[in-house]
Amino acid sequence: MQWRRRAWRAGAIRWAERRLAEREVHLTGKPDQFHVRSWSTVIRLPTDRGAVFFKAVWRPLPFEAGLTAAIAAWAPKDVAIPLAVDERRGWLLLEDGGQRLREILTKDRDTRHWHRILPQYADLQLAVAPHVQQALRLGTPNRRAKALATQYVQLLERSPLLRVGLKDGVTNAQEQTLRDLVPQVRIWVEEISVVPDTIQHDDLHDGQVFVKDGRYRILDWGDACVSHPFLSMSVVERSVAYTLNLKPGFREITRLRDLYLEPFTAYASLARLRAIYPIAIRLGWISRALSWATLVPYLSEAEKRRERGDVPRSLGRFLDPNFA
C-alpha cells in the first residue's frame, strides 16, 4: 500500500509543509498518520496555529480533492476549509473540522444534533444545485435519474460483485427480484424528480460530521455523487436508528425526515415530498451499491474478502421494505 511507503509519506509531508509555510504556518510536532485505508489516508499535522489535516485519496476517486474545494467555495460554513489542494494527485490540506459527532453522541445520545444538521445539509444541497455541471466536470459521479437507472441495470450484469448464491452474496431469488424491478426503478427515478439534482454525500453518518465553534461541518466527500438529494437519507436514517436504537418509522425518525424536507418545500408541498421520500430512501441503497462497486475491484485480495458483502448487502437493503 503506497500510503505506508516511507518515501511517499515523506513527500506528502514536505508538500504539506511547503503549503503551510506559504501561509506562515509551521509544524510544531511529529505528524500522526492515524487513518490508513486502501482508498485514503489522513495525517494529523500539529502546527503553531493548531492541528491541520493532510488527506490523500486514491486514483479511483480522483474527484474528491477538487470537489471538496468547490463545495467549500459554494457553502463555506458547512465544510472544513481546504488550505491547499492538488487535484492531480488527489491531495488535500484541511483546517481542523472540530470534534467528531460520533464521540459527542457517546456522551449525549440525543437526536437534537441531527435536528440542526439535516436542515443545514439540505441548505448546502440547495446551494450546490446551481453548480452541478461544474461538479460533474470535476469528475463527480453522475447518478441523476436516467443515469442511476442505467447504472443499476449495468450493476446487475457484474456477477462477481453480486456473488449470486455465494456467502455474503445475493440469493438466487433476490437476483431475480432485482431484475424484475428494473422497469419499476425507471419509473421511480422519474417519479421523484420534483426537486433539483445536486450533490449527494452518499455516506452521511455521525463519523462524517464534525462540530466546531457551535457549527456542524460535513467532511469526507469521496463517495459523493450528483443525484437526487434525498438519496443521502438512506445512510442517515440507518445511522441514527443504529446509534440511538430506534426502529424504522419511529416518531424521531419521522421528525428528522420533516426537518430535512422543509427547505425543499420551495419546490413541492410537504405532502408531495413525504410521498416520494420512501422511494428515494430505497433508491439510495442502489447508490450505495454503486459506490461500493466502484471501490471493490481495486482492493487487495484480503480487502476484497472483507468487503465482498458490501454491494450485495446494499442491494438487499434496497429490496427490504424495512429500510424504506
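User: Before we start, what does contact mean here?
Analyst: Contact means that heavy atoms lie within 4.5 Å, and please keep in mind that this is a predicted model.

User: OK, which residues does Thr198 touch, leaving out those up to four places away in sequence?
Analyst: With those sequence neighbours left out, Thr198 touches Gln125, Val128, Ala129 and Val132, and also Cys225, Val226, Ser227 and Pro229.

User: And where does Thr198 sit, and is it buried or exposed?
Analyst: Thr198 lies in strand E8, which covers residues 198–200, and it counts as buried because its relative accessibility is 1%, where buried means under 20%.

User: What does its side chain reach at 3.3 Å?
Analyst: The side chain of Thr198 reaches the backbone nitrogen of Ala129 at that distance.

User: Switching to helices, how do H10 and H12 pack?
Analyst: Helix H10 (residues 233–244) and helix H12 (residues 270–295) pack at an angle of about 95 degrees, with their axes 7 Å apart, so H10 is roughly perpendicular to H12.

User: Which residues meet there?
Analyst: From H10 there are Met233, Ser234, Val235, Glu237 and Arg238, and they meet Tyr277, Ala280, Ile281, Gly284, Trp285 and Arg288 in H12; by class, this contact of H10 with H12 has six nonpolar, two polar and three charged residues.

User: Last one, what about Gln151, where is it and what does it touch?
Analyst: Gln151 is in helix H6, residues 145–156, and is partly exposed, with a relative accessible area of 22%. Not counting residues up to four places away in sequence, Gln151 touches Asn142, Arg143 and Leu290.

Note on methods. Residues are numbered from 1 along each chain as its sequence is written. This is a predicted model: local features need pLDDT of at least 70, side-chain atom pairs count only at pLDDT 80 or more; totals for chains, interfaces and linings use all residues. Side-chain values use heavy atoms; hydrogens and water are left out. Helices (H or I, at least four residues) and strands (E, at least two) are DSSP runs, numbered from the N terminus. Buried means under 20% relative accessible area, exposed over 50%, partly exposed in between (1.4 Å probe, protein chains only). A polar contact is a pair of N or O atoms within 3.5 Å; within protein, one must be able to donate a hydrogen and the other to accept it, and residues adjacent in sequence count only if both atoms are side-chain atoms. Axes are lines fitted to C-alpha atoms, for helices over the stretch in contact, and angles run from 0 to 180 degrees between N-to-C directions. Angles under 35 degrees count as roughly parallel, over 145 as roughly antiparallel, 65 to 115 as roughly perpendicular and the rest as oblique. Ala, Val, Leu, Ile, Met, Phe, Trp, Tyr, Cys and Pro count as nonpolar, Asp, Glu, Lys and Arg as charged, and the others, Gly among them, as polar.
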